[in-house]
Amino acid sequence: MKLLYKIIGVATVLLAIASCGSASKTPKGLQEGSFRLLYWNIQNGMWSGQQDGHARFVQWIKEQDPDICVWCEGQANYVTNSTQNLPDDPDRYLYGFWEEMSARYGHKYVAFSGRRDRFAQVVTSKYPIRTVAQLVGEEPDSVVTHGSGWFSLELGGRTVNIVTLHTWPQRWAYRCEDKDASAEAREGDKYRRMEIQYICEHTIGKEEGASSQYWMMMGDFNSRSRRDNYVYGYPDQDSRFLVQDYVYGNTPYIDLLGTMYPGEFFTTTGGQSRIDYIYCTKPMFDSVTDARVVSDEYTTPVRDPRNLSNFWHPSDHRPFIIDFEIR
């Protein structure tokens, strides 16, 4: 009997040790609500990285140690070091690609936006992702050209909603008959305004009490903010402000960088323009501990010397890194 008690006692101690070990391995983001977000438009599925099998790209991500990544232009579109189109094979160049790629930098979970063309967004994470909606718009008048996504994660005991997007990039409207006339009338700006309204109405606009919830919306908006007009000098009624004006006037979203750093301009491209944005509701904004656009030795855009179809290395956009602590 004494031997039995000793065995039970040893087993209890071992179980306690194992339990402590398991607790210490609980992911910090799930346990405390602290997590790092990396957002980046990586130009054609990181075309530049195809030349070294994305080794430098993966190494850079590992160095940043993000918990969640959001990638615009997630699909590989071109043959390595060329402008030759890859076959339209999303299973290989989007879905299969990211399942393999994210594992290389330690992200087990992958989710995709709605896919209408070759420019979908991708979310990868250390934690489970729930895909709430994949948006592609509605024919014929409300097409979301590059798709959009609504995702949620459980972090720090809270539901965090992430909306991804990439609006129409041209000066002319989608499917217009006369591109020159459409561009002259700045119909591309009006088309983007339609897209952002559709996306907001079908994501945050569907949730009662969203202003007190944890929401983020991010992507390549291909539009300007009048908040930055001290840099641009556009007329007050310029149509390039339409998208951001809609967000400011019709949603509870806060422009993260514009609010954290008033009067400071951060280009998000290889030129001098801020067209990528991260928006947050107030609870999400109040959880930010650090936010920056990264322009380091690797990420600062450099134009391809052969002037290949406006390609840059590593991308024509710059990444954001945002640290959060949900309280």
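Phe221 and Tyr279 are both buried, a term that denotes under 20% relative accessible area, with over 50% counted as exposed and the range between as partly exposed, for a 1.4 Å probe and protein chains only. The model is predicted: local features need pLDDT of at least 70 and side-chain atom pairs pLDDT 80 or more, whereas totals for chains, interfaces and linings use all residues. Residues are numbered from 1 along each chain as its sequence is written, and side-chain values rest on heavy atoms, without hydrogens and water.

The structure contains 26 aromatic pairs. Rings of Phe, Tyr and Trp (its six-membered ring) pair if their centres lie within 6.5 Å; planes under 30 degrees apart are stacked, over 60 edge-to-face and the rest tilted. Phe35 and Phe324 form a stacked pair, because their ring centres are 4.8 Å apart and their planes stand at 15 degrees. This pair joins distant parts of the chain, 289 residues apart: Phe35 belongs to strand S1 (residues 34-41) and Phe324 to strand S14 (residues 320-325). Helices (H or I, at least four residues) and strands (E, at least two) are DSSP runs numbered from the N terminus. Phe35 is buried at a relative accessible area of 3%, and Phe324 is buried at 2%.

Phe221 and Tyr279 pair edge-to-face, with 5.7 Å centre to centre and 65 degrees between the planes. Here too distant parts of the chain are linked, 58 residues apart: Phe221 lies in the loop between strand S8 (214-220) and helix H8 (229-232), and Tyr279 in strand S10 (residues 276-280).

One aromatic cluster comprises Trp40, Phe57, Trp60, Trp71, Phe97, Trp98, Tyr105 and Tyr298.
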